[in-house]
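Grab a pencil and have the model open beside you.

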Amino acid sequence: MKRTCRRVFLAGILAVSAGLVAAGHTAAKPAIPDPARFGAMTCQQLWYVEQKVLADGRVCLTTERARRAFKRSERCISSSEAILPGSSRDYLARLRKQARQKGCSGF
């Protein structure tokens, strides 16, 4: 990722995190954004949230980029998203739908 893109991406993540902290969530483990916010998020932010949900659910991440981003997550236990609760699978479906509507690649 180019340095400028990285700065923009990190600025976006910080903005989302700041909004979550302002909403009363702790900074130690940021909460997952409400699906109502998906429309305001960039493709990079949507990717990050998708990968975070998978990592938190202990689904094995498939790309090196994702593994690097979540290297401190608990060890994965399955490559199948079927291990996730239904609410997490529904959340990912909504996130991916929004990403496709935005024209984000990889969704």
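**Exercise 1. Find how lysine 52 and aspartate 56 sit relative to each other, and say whether each is buried or exposed.**

Step 1: Lysine 52 and aspartate 56 are both in helix H2, 4 residues apart, which is about one turn of the helix. Helices here are DSSP runs of H or I with at least four residues, strands are runs of E with at least two, and the numbering starts at the N terminus.

Step 2: The two residues form a salt bridge, with their closest N and O atoms 2.9 Å apart. The term asks for a side-chain nitrogen of Lys or Arg within 4 Å of a carboxyl oxygen of Asp or Glu.

Step 3: Lysine 52 has a relative accessible area of 12%, so it is buried. Aspartate 56, at 37%, counts as partly exposed. The cut-offs are under 20% for buried, over 50% for exposed and partly exposed in between, using a 1.4 Å probe and protein chains only.

A word on the ground rules: this is a predicted model, where local features need pLDDT of at least 70, side-chain atom pairs count only at pLDDT 80 or more, and totals for chains, interfaces and linings use all residues. Residues are numbered from 1 along each chain as its sequence is written, and side-chain values use heavy atoms, leaving out hydrogens and water.

**Exercise 2. Work out how helices H2 and H4 pack.**

Step 1: H2 covers residues 43-56 and H4 covers residues 86-102. Their axes are 10 Å apart, at an angle of about 160°. Axes are lines fitted to C-alpha atoms, for helices over the stretch in contact, and angles run from 0 to 180 degrees between N-to-C directions.

Step 2: H2 and H4 are therefore roughly antiparallel. That label goes to angles over 145 degrees, while under 35 is roughly parallel, 65 to 115 roughly perpendicular and the rest oblique.

Step 3: Now look at who meets whom. From H2 come Leu46, Val49, Glu50, Val53 and Leu54, and among their partners in H4 are Tyr91, Leu92, Leu95 and Arg96. Contact means heavy atoms within 4.5 Å.

Step 4: Sort the residues of this contact and you get 8 nonpolar, 1 polar and 3 charged. Nonpolar takes in Ala, Val, Leu, Ile, Met, Phe, Trp, Tyr, Cys and Pro; charged means Asp, Glu, Lys and Arg; the others, Gly among them, are polar.

**Exercise 3. Which parts of the chain does the salt bridge between arginine 58 and glutamate 74 tie together?**

Step 1: The side chains of arginine 58 and glutamate 74 meet at 3.7 Å, N to O.

Step 2: Arginine 58 is in the loop between H2 and H3, and glutamate 74 is in the loop between H3 and H4, so the pair ties together parts 16 residues apart in sequence.
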